[in-house]
Amino acid sequence: MVNNNSFEKKSKVWNKPFLLKPAGKDYLWGGTRLRDDFAKEIEMTPLAETWECSTHPDGLSVVGSGKYQGRTLAELLKRHPEYLGHAEGNGELPFLIKFIDAEKDLSVQVHPDDEYAARNENGQPGKTEFWYVLDADENAELIYGFRTEISQETLKKSIREGTIEKYLQRIPIHRDDLFYIQAGTVHAIGAGALIAEIQENSNLTYRLYDYDRVDRNGKKREIHLEKALDVANLKASGEPVQPLRVLRYRKGCASEILCRCKYFEIHRMLINTERYRQMANYQTDGISFRVLLCVAGCGCIFFGEEEACNYFKGDCIFVPANSVPMKIHGKAQFLEVRG
Ligand code: ZN
C-alpha cells in the first residue's frame, strides 16, 4: 500500500533536471520554422508540431541528457513516478506541451471534455488547451467559437454547403497573446501563427471543416460530424480578453502568472543575469514537478555538484519534484509549467 511515509522517504532523494527531445508531426498545414528558428533536429517537411513534453503514445518525448538519456519520458516516469510529486498517480503526465507552426490554416475543430471522453473514448481525458503566441504574421487570426448562437441544423447545413466560416468568430492574434480554449469551444489556429500549447494529456480532436483540402495522397481528411455535434458549444462566444499581467521581480528573474486551472499552472519567467555576478536561484518545492520551455534566448543551468546544462531557444527541461537546487544563468524567456 502506498502511504505518506513512502512518499516522504522517496521525496528525501534529490532528483536532477534533464533535457527532453520531442516527437515530430508532419501534418499538412505545418511549416519549417521549428527547424529553422528553433533548431529542431527532426527531418520532416513540413514540421507542423513538436511534442516537447509528452508521455502520450501518439508522440513520445525522449530524455535528452543525464543518466536516463535515450529512454522515453513515459518509461522513466513509470519507473520513477515520484518525479511527479503529488501528481504521482500511475506515472502519467497530467499535460502535454507542444510547439505548433501553422504555415496554413488548421482545420476547424472541437475537443471533448473529460466526462464525454471517459464515456466514449476508452478513458482518455478530454482536451482543454492553453496557447501562448510566440509569433504571428501581421494578419494572423484564430477562430474562437461562434459569432452568434447557432442551431445544430444550421451548423450541419453550413458544414455540408461549405458556408460554416460566416458563423465563426475570428480574432486577430499577436505575439505574447494568451488563449484558454475550454473543451467544447469550436476553434482553429490560423495561418502564420507560431504557438506554444499546453493541453490535457489527450489527442482527441473532432474535425468539423477542413476547407475541402486534400493530403499528399489526394485524400480529404476525415470529418467527425456526429461527435463534434455532441460536444460543440453552440452558444455565442464572447471575445477572449487578454488578462492584465503583473511582473514580480527577484534576483536575476522576473515572472508572471499566465494561467491557472485544474490541469496546469503556467508562468512566464524572464531571466537576465548577464549584468550580475549572481545567478537566479531555482528550486522545486518537493510537491510539484516543473517543465521549463525556453521560448527565447539561451544560457546555462547549474545544479548538483558542479553539473551544468546549456539551454537554447526551443529547449524543454524537465525538473522533477524535489530537484536539486538549480542556478539559472543567461538572458532568456521560459514558460514554466507546474503539474
Ligand atoms: Zn485544438
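## Before we start

This is a predicted model, where local features need pLDDT of at least 70, side-chain atom pairs count only at pLDDT 80 or more, and totals for chains, interfaces and linings use all residues. Residues are numbered from 1 along each chain as its sequence is written, and side-chain values use heavy atoms, with hydrogens and water left out.

## The zinc site

Who holds the zinc ion? His111 (NE2), Glu129 (OE), Glu129 (OE) and His187 (NE2) coordinate the zinc ion, at 2.1 to 2.8 Å. Donors here are N, O and S atoms within 2.8 Å of the metal (3.2 Å for Na, K and Ca), and because water is not among the atoms, sites may look incomplete. The angles among the four donor atoms run from 49 to 126°, and the site is irregular. That label is what remains when other shapes don't fit: four donors are tetrahedral if all angles lie between 85 and 135 degrees, while four count as square planar and six as octahedral if opposite donors are over 155 degrees apart and all others between 65 and 115.

Along the chain, the donors follow the spacing H-x17-E-x57-H. Glutamate 129 sits in strand β7 (residues 129–136) and histidine 187 in strand β11 (residues 187–189), so this pair, 58 residues apart, links distant parts of the chain. Strands are DSSP runs (E, at least two residues), numbered from the N terminus. Both glutamate 129 and histidine 187 are buried, meaning under 20% relative accessible area with a 1.4 Å probe, protein chains only.

## Two domains

The chain splits into domain 1 (18–231) and domain 2 (244–338), with bounds from an automatic or database domain assignment. Their centres, taken over C-alpha atoms, are 24 Å apart. Domain 1 brings 33 residues to the contact and domain 2 brings 30 residues, where contact means heavy atoms within 4.5 Å.

About 2,600 Å² is buried between them, and carbon and sulfur atoms give 73% of that. Buried area is the accessible area (1.4 Å probe) that two parts lose on being put together, summed over both. The count between the domains is one salt bridge, that is, a side-chain nitrogen of Lys or Arg within 4 Å of a carboxyl oxygen of Asp or Glu.

## A look at valine 108

Valine 108 is in strand β6 (residues 108–110). It is buried, with a relative accessible area of 0%.

Note on methods: Helix = DSSP H or I, 4+ residues; strand = E, 2+ residues; numbered from the N terminus. Buried < 20%, exposed > 50% of the residue type's maximum accessible area, 1.4 Å probe, protein only.
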